[in-house]
Amino acid sequence: MDVAWMLLLLLLFPLLMWTSSTFVFYFKKFFYVAWMMFLAILGIPICLLKSGGRDVENMRIIRSMVRHVKYLFGLRIEVRGWEHLQTEGPYVIISNHQSSLDVLGMMEILPDRCTTIAKKELVYAGTVGLICWLAGIVFINRKKTNDAKSVMADAAKTMLDEQVRLWVFPEGTRNQNGDLLPFKKGAFHLAVQAQVPIIPVVFSSYNSFYLRKEKQFNSGVIRLRILPKIETKGLTSDDVSCLSDQSHSLMRTAFLEISDSVAKSNGPLKH
């Protein structure tokens with residue numbers, strides 16, 4: 001009986017993959033999470049052997065292990081503005097945030113000695129949470145403003161003392177509404193406090209291949225644009241709001257431009 005069920009499932013699987021976009025969506029989402037957890041299982045002992053524990057240098061291991069994942073989902077990542085990452089010393093990278101697929105674009109361009117700031121809940125995500133901790137990811141409790149500010153202050157000190165770069169998603173949450181959400185100020189306070197540049201990175205809209213509400217997940221193109229750095233030397237906390245607005249405006253213009261170019265090339269998903 002078990003063999004019969006296995007044969008039935010084997011026969012149904014290609015049929016469902018061919019006929020049901022909803023099945024494809026859930027299968028790809030499940031496989032993405034499962035594969036990332038499997039890669040983490042492989043990566044954890046390598047990180048421990050290489051660095052002996054928590055160390056930002058472990059991000060190199062994660063970067064090398066994750067870069068192939070885009071091919072498994074038929075995604076192509078196109079990057080413009082590489083030269084803007086050729087900046088010495090610490091800096092803050094800010095980018096828009098659409099889904100967990102952002103990790104693929106991040107690992108495509110992640111510079112050396114760069115880690116990210118993430119919500120505290122991620123540390124409890126099994127093997128993925130453990131390898132994130134080993135890679136020096138800074139975890140913040142978004143529900144406790146005082147704790148988040150304290151973590152940011154410590155992060156600014158770490159950036160300067162250890163020459164670390166930090167990647168931040170200033171929208172604060174995932175957003176796939178075709179535009180950018182207003183930015184939270186944490187990343188800008190961090191950059192001003194450390195007096196380090198901000199480098200904006202913009203991901204094109206995923207709507208041409210990935211729609212969460214409509215349960216569609218196809219192959220497609222992600223365009224990344226790395227914008228020129230924004231200096232913060234001489235700025236104070238009084239300049240943070242203006243700095244945030246300036247960054248938002250620049251990134252929104254780039255987001256709409258590259259998203260429109262992707263849509264014209266591939267056409268939006270029908271839903």
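**Pockets and cysteines**

Modeller: Fourteen residues, given as 14 in the count, line the second largest pocket, and R54, G136, V138, T158 and E162 lie nearest its centre. This is a predicted model: local features need pLDDT of at least 70, side-chain atom pairs count only at pLDDT 80 or more, and totals for chains, interfaces and linings use all residues. Residues are numbered from 1 along each chain as its sequence is written, and side-chain values use heavy atoms, without hydrogens and water.

Colleague: What makes a residue part of the lining of a pocket?

Modeller: An atom within 4 Å of a pocket point. On a 1 Å grid over the protein atoms alone, a pocket is an open set of points where a 1.4 Å probe fits, with protein on both sides within 12 Å along at least five of seven lines. The largest pocket has 50 lining residues, with I117, A118, K119, L122 and F169 nearest its centre. Its space is about 1400 Å³.

Colleague: Which element supplies the largest share of the lining of the largest pocket?

Modeller: α2, with seven residues. For the second largest pocket, α7 leads with six.

Colleague: How do you know how many disulfides there are?

Modeller: A disulfide is a pair of cysteine sulfur atoms within 2.5 Å. A search of the whole structure finds zero. The sulfur of C114 is 13 Å from the closest cysteine sulfur, in C132, so that is too far for a bond. The C132 sulfur has its closest cysteine sulfur in C47, at 10 Å, also too far.

Colleague: Why is C114 called buried?

Modeller: Buried means under 20% relative accessible area (1.4 Å probe, protein chains only). C114 has 1%, so it is buried. C132 has 10%, so C132 is buried.

Notes
Buried < 20%, exposed > 50% of the residue type's maximum accessible area, 1.4 Å probe, protein only. Points joined across faces, edges and corners; volume = space filled by probe spheres on them. Helix = DSSP H or I, 4+ residues; strand = E, 2+ residues; numbered from the N terminus.
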